[in-house]
Amino acid sequence: MIKHQDMSQRMYEVKCKDGHSQVLTATELEQLIRSSEHECPDCKNPLLTSNLGLECFICSSMFTVSSLEEAEDTIDTGCMDCDERGFHEDSIHINNSWGYFENVYQWRRNNNLDEEHLRRKGRTDFWEAVIHFCKPHEFASIYKEGKIKAGKTGYFGVPAVCLTEIPLGNWKDLRVRHGDFGFVFLKRDLIAAGGGPAIYLSDELIRAQKTNGGFCEEIRPFLNLLRISSVTPGKLRHDFMHEREWRLPNDLLLENTQPYAIIVGNYDMGTEGWEDIWRARLEVEELLTQEDEDTSQGISKSK
């Protein structure tokens, strides 16, 4: 289940005896510790830190150190308790650093599944999921806020959340257009929330409906214009059937309609919202696919 978590990040101060100081994030401080460059850039005196806490991500043991050299030695030595139990991992980090998140994620990444249980037997063109693709910063925002916000769309320009039912292996164009990240939902859950497939109608059918009383409010969020040049020459083409779109006519609350999976594209600690992306991944099990293995991207199944 995707839950909102506090995204605040503690800052750390390191300074020398002459008072020159630096304020660093957890990731920046851990990089400094591991670099072995522990001298003040201004006066070359040793950089100090007061009672810095390190943590073993496996057993949660805490290690308090008072210098960067001691911190580096502690990280290099590793957790003796875990080592005695056979866990020979680079497990000691500053909590909330990039290395901490990466090691926790890799540690929990087990019991890998594939996507076959989403497919309809004998059908490569159909499966039981729909996806909301998005950019990495949008993914992070959705996770943090716990909802996918409805935006104006369709023929009437009314609010709806847009998704696609295109099965894995056919996502390239969609990911280029909408983003490498996404939230995956079971169709039955989206239908229960009030969603369903988009409706595509030609100009002629829309005019006919308007002549006979128009469209009710409940239908408006699902309606799309369908127009192709071979049928209506001289008019602007309007055809999005290839996106096989589904819609939900309101905000999608992750607490009520829980994601079946998340799709995670490429990113690093320079990506806006990377902490939220990691936290989302830590709550799921990896669902590896051949496409993901080929592109170093992942699909994660919710617990």
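The legends below describe several close-up views of a predicted model.

**View 1. Overview of the predicted protein chain, with its helices and strands.** The protein has 10 helices and 18 strands, and buried residues make up 45% of its 303 residues. Among the contacts in the protein with a separation of 6 or more, 69% are between residues 24 or more positions apart.

**View 2. The aromatic pair formed by Trp98 and Trp274.** A search of the whole structure finds 11 aromatic pairs, and one of them joins Trp98 to Trp274 in an edge-to-face arrangement, with 4.9 Å from centre to centre and 65 degrees between the planes. Trp98 belongs to helix α4 (residues 98-108) and Trp274 to helix α9 (residues 274-282), so the pair ties together parts of the protein that are 176 residues apart in sequence. Trp98 has a relative accessibility of 19% and therefore counts as buried, the cut-off being under 20%. Trp274 is likewise buried, with a relative accessible area of 6%. Both residues also belong to a cluster in which ring pairs link Trp98, Phe139, Phe181, Phe183, Tyr267, Trp274 and Trp278.

**View 3. Helix α9 and its buried residues.** Helix α9 is mostly covered, since nine of its nine residues are buried. These are Trp274, Glu275, Asp276, Ile277, Trp278, Arg279, Ala280, Arg281 and Leu282, a list that includes charged residues such as Glu275, Asp276, Arg279 and Arg281. Within this set, Arg281 lies over the face of Trp278, at 5.3 Å from the ring centre, and Trp278 is itself a member of the aromatic cluster that also contains Trp274.

**View 4. Arg220 over the ring of Phe156.** Elsewhere in the model, Arg220 lies over the face of Phe156, and the distance from the ring centre is 4.2 Å.

**View 5. The packing of helix α1 against helix α2.** Two packed helices are described by the angle between their axes and the distance between the axes. Helix α1 (residues 26-35) and helix α2 (residues 68-77) pack at an angle of about 85 degrees, and their axes are 8 Å apart. An angle of 65 to 115 degrees counts as roughly perpendicular, and α1 and α2 are therefore described in that way. On the side of α1 the contact is made by Leu29, Leu32, Ile33 and Arg34, and on the side of α2 by Leu68, Ala71, Glu72 and Ile75. Of the residues in this contact, six are nonpolar, none is polar and two are charged.

View 6. When its neighbours within four places in sequence are left aside, Glu245 is in contact with Cys162, Leu163, Thr164, Pro197, Ala198, Tyr200 and Asn224. The C-alpha atoms of Glu245 and Gly196 are 8.8 Å apart in space, although the two residues are 49 residues apart in sequence.

**View 7. Glu128 in the loop between α4 and β6.** Glu128 is found in the loop that runs between α4 and β6 (129-134), and this residue is partly exposed, with a relative accessible area of 28%. Leaving aside neighbours within four places in sequence, the contacts of Glu128 are with Leu118, Arg120, Phe185, Leu186 and Lys187. Ile166, which is 38 residues away from Glu128 along the chain, has its C-alpha atom 9.9 Å from that of Glu128.

View 8. Lys44 lies in the loop between α1 and β3 (48-56) and counts as exposed, at 52% relative accessibility.

**View 9. Leu205 in helix α8.** Leu205 lies in helix α8 (residues 203-211) and is partly exposed, with a relative accessible area of 48%. The C-alpha atoms of Leu205 and Leu225 are separated by 9.6 Å, and these two residues are 20 residues apart along the chain.

Technical notes. Residues are numbered from 1 along each chain as its sequence is written. This is a predicted model: local features need pLDDT of at least 70, side-chain atom pairs count only at pLDDT 80 or more; totals for chains, interfaces and linings use all residues. Side-chain values use heavy atoms; hydrogens and water are left out. Rings of Phe, Tyr and Trp (its six-membered ring) pair if their centres lie within 6.5 Å; planes under 30 degrees apart count as stacked, over 60 as edge-to-face and the rest as tilted. Helices (H or I, at least four residues) and strands (E, at least two) are DSSP runs, numbered from the N terminus. Buried means under 20% relative accessible area, exposed over 50%, partly exposed in between (1.4 Å probe, protein chains only). A charge sits over a ring if NZ of Lys or CZ of Arg is within 6 Å of the ring centre and within 35 degrees of the ring normal. Axes are lines fitted to C-alpha atoms, for helices over the stretch in contact, and angles run from 0 to 180 degrees between N-to-C directions. Angles under 35 degrees count as roughly parallel, over 145 as roughly antiparallel, 65 to 115 as roughly perpendicular and the rest as oblique. Contact means heavy atoms within 4.5 Å.
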